[in-house]
Amino acid sequence: MTDKTIMLGMFQAMGLGGAWRLPGNTSTEFLDLDHWITMAKRLDEAGVDFLFFADDYAYPIMNGQVIDVAIKEALLFPKADPVTLLSALAAVTTKLGLVVTSSTTIEKPQALAKRFATLDHLSKGRIGWNVVTGAGQNSSAKLFGEKMIPHDERYALAEDHLQLALKLWQGSWEDGALKVDKENNMYADPSMVHEIEHDGPYFQAHGLLTVPPSPQRTPVLFQAGTSAKGRDLASRYAEAVFLAAEPEMMAEQIADLRARAVSHGRAPDAIKFLIAGTFITAETEEEALALRERMIGFNTLEGAAAAYAFFTGLDLLSMELDKPLSTVKTEQGRTNVERFAGENGKPAPTVREILEEFRRNGVMGQPFIGTPGRVVDQAEAVIAQTGADGFLVQPGPDGTYDDFIDMLMPVMRERGLINSDHAASDQRGTTLRERIFGVGQKRLPHDHPGAQYLAGVPAIAGQ
């Protein structure tokens, strides 16, 4: 068992949830602002750490064509833009962190830096950015009329993107530059506002961020993806990483990422790790298991194949079902290929087994199922086994987190897994970074590579 408190983030996409066909599921209301306001207020009052929105421009395709079953069954389709929600949700919450995905392949760093700095102001420092190189590259590249960028090159581009964004957030304004002195007609001291220079392999810039420094300056940096290139980028820049795999594999990933972070001059605890978790609970074990099977019953093997194609670009239905993957080469997300590569002495699963795993669990791995006490037992065990810091919780069968809040969080609080004063803002700080790392830690720490760009502060030797 674990003796540490854990973080809780809640996963959403601005689209239909996987259980949208269940009676009472609310995810079909994803274009209704009141739906999101109700959800965010409930999470804020419950003391959840942050609400996270996944996002991309992609949809499942194969051989250049849209997969019909994806449209028919609402598989990773449709999707709206969650960035448009954040200002509204910031207005109706006071403590809840708000994290959203933006792609370094799609978005220009100058525009992204301005958008996130503005949101950080409007939320009073509660914004996080999930840095992705792009999901579903085959369809999103097609949508934008561009060639698909090779996997490893996307990570090189992402690092260049991050460095430029960090220069804008950290280096354009010195602390104290903002005066707002009406009597002497000085809004800002020109000698303390600087144009930054960036001449990278993918992005160039000479100019300044027009938004004054926000409470966090830089939003909290999240990342997912555990390929070799993904791990290298995360160990350098990420402050929190999302994981989804078997416990043994996650333990290895966490240990490796921590070691890599130290090798880059960062602290061993510089990165927090959150496990993507599906929690299904009921008053009895039998009820919980029956609900789980009812949810799975809506999923088809064709749908599982479409979802796998979205994440990897691989067509499982064209392969021999009773043999392992016929190829592990792909320029799309490699995490869900390497997941089934049969590492650590385990035989590689067959294509049929991969399809069934994806039909039952998708990208999220095995769920936690049972009575509240039993589910929390399972969650504690996984935290202890992996060394992770918390969970990224998937929505419940009804599309909300009501069961998690009402049935599981009280047990977690009783066991000391979450703070008894979890909802008390004066005990947790006011910004998302403080909520994750502790009161007083509003800005990037000195050992983060972005700290070297801080305006008015001499660069640290060796950085």
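Which residues line the second largest cavity? Keep that in mind while you get your bearings, and the tour will soon reach the spot.

You are looking at a predicted model, so local features need pLDDT of at least 70, side-chain atom pairs count only at pLDDT 80 or more, and totals for chains, interfaces and linings use all residues. Residues are numbered from 1 along each chain as its sequence is written, and side-chain values use heavy atoms, with hydrogens and water left out.

**Stop 1: a cavity**

Select Phe279, Val393, Gln394, Pro395, Gly396, Thr400, Tyr401, Asp403, Phe404 and Leu408, which together line the second largest cavity. A cavity here is a set of points, on a 1 Å grid over the protein atoms alone, where a 1.4 Å probe fits but cannot get out; lining residues have an atom within 4 Å of a point. The volume of this one is about 60 Å³, and the structure holds 4 cavities of 30 Å³ or more. A volume is the space filled by probe spheres set on the points, with grid points joined across faces, edges and corners.

Now colour helix 14 (residues 402-414), the source of the largest share of this lining, with 3 residues. Helices are DSSP runs of H or I with at least four residues, strands are runs of E with at least two, and both are numbered from the N terminus. By type, the lining has 6 nonpolar, 3 polar and 1 charged residues. In this count Ala, Val, Leu, Ile, Met, Phe, Trp, Tyr, Cys and Pro are nonpolar, Asp, Glu, Lys and Arg are charged, and the others, Gly among them, are polar.

**Stop 2: salt bridges**

Side chains of opposite charge can pair when their charged atoms come close. A salt bridge is a side-chain nitrogen of Lys or Arg within 4 Å of a carboxyl oxygen of Asp or Glu, and the count comes to 18.

Start with Arg443 and Asp175, whose closest N and O atoms are 3.3 Å apart. Arg443 lies in the segment after helix 16 (432-437) and Asp175 in the loop between helix 6 and strand 7 (178-181), so this pair ties together parts 268 residues apart in sequence. Arg443 is partly exposed at 33% relative accessible area, and Asp175 is partly exposed too, at 44%. Buried means under 20%, exposed over 50%, and partly exposed in between (1.4 Å probe, protein chains only).

Next, pick Glu380 and Arg415, a salt bridge with closest N and O atoms 2.7 Å apart. Glu380 sits in helix 13 (residues 372-386) and Arg415 in the loop between helix 14 and helix 15 (425-428), so the pair joins parts 35 residues apart in sequence. Glu380 is buried at 8%, whereas Arg415 is partly exposed at 36%.

Then show Arg231 and Glu252, where the closest N and O atoms are 3.0 Å apart. Arg231 belongs to helix 7 (residues 228-237) and Glu252 to helix 8 (residues 247-263), 21 residues apart. Is Arg231 buried or exposed? Arg231 is buried, with a relative accessible area of 12%, while Glu252 is partly exposed at 36%.

**Stop 3**

Finish at Ala288 in helix 9 (residues 285-296), which is buried at 0% relative accessible area. Draw a line from Ala288 to Leu96: they are 192 residues apart in sequence and 29 Å apart in space, C-alpha to C-alpha.

Methods. On a 1 Å grid over the protein atoms alone, a cavity is a set of points where a 1.4 Å probe fits but cannot get out, and a pocket is an open set with protein on both sides within 12 Å along at least five of seven lines; lining residues have an atom within 4 Å of a point.
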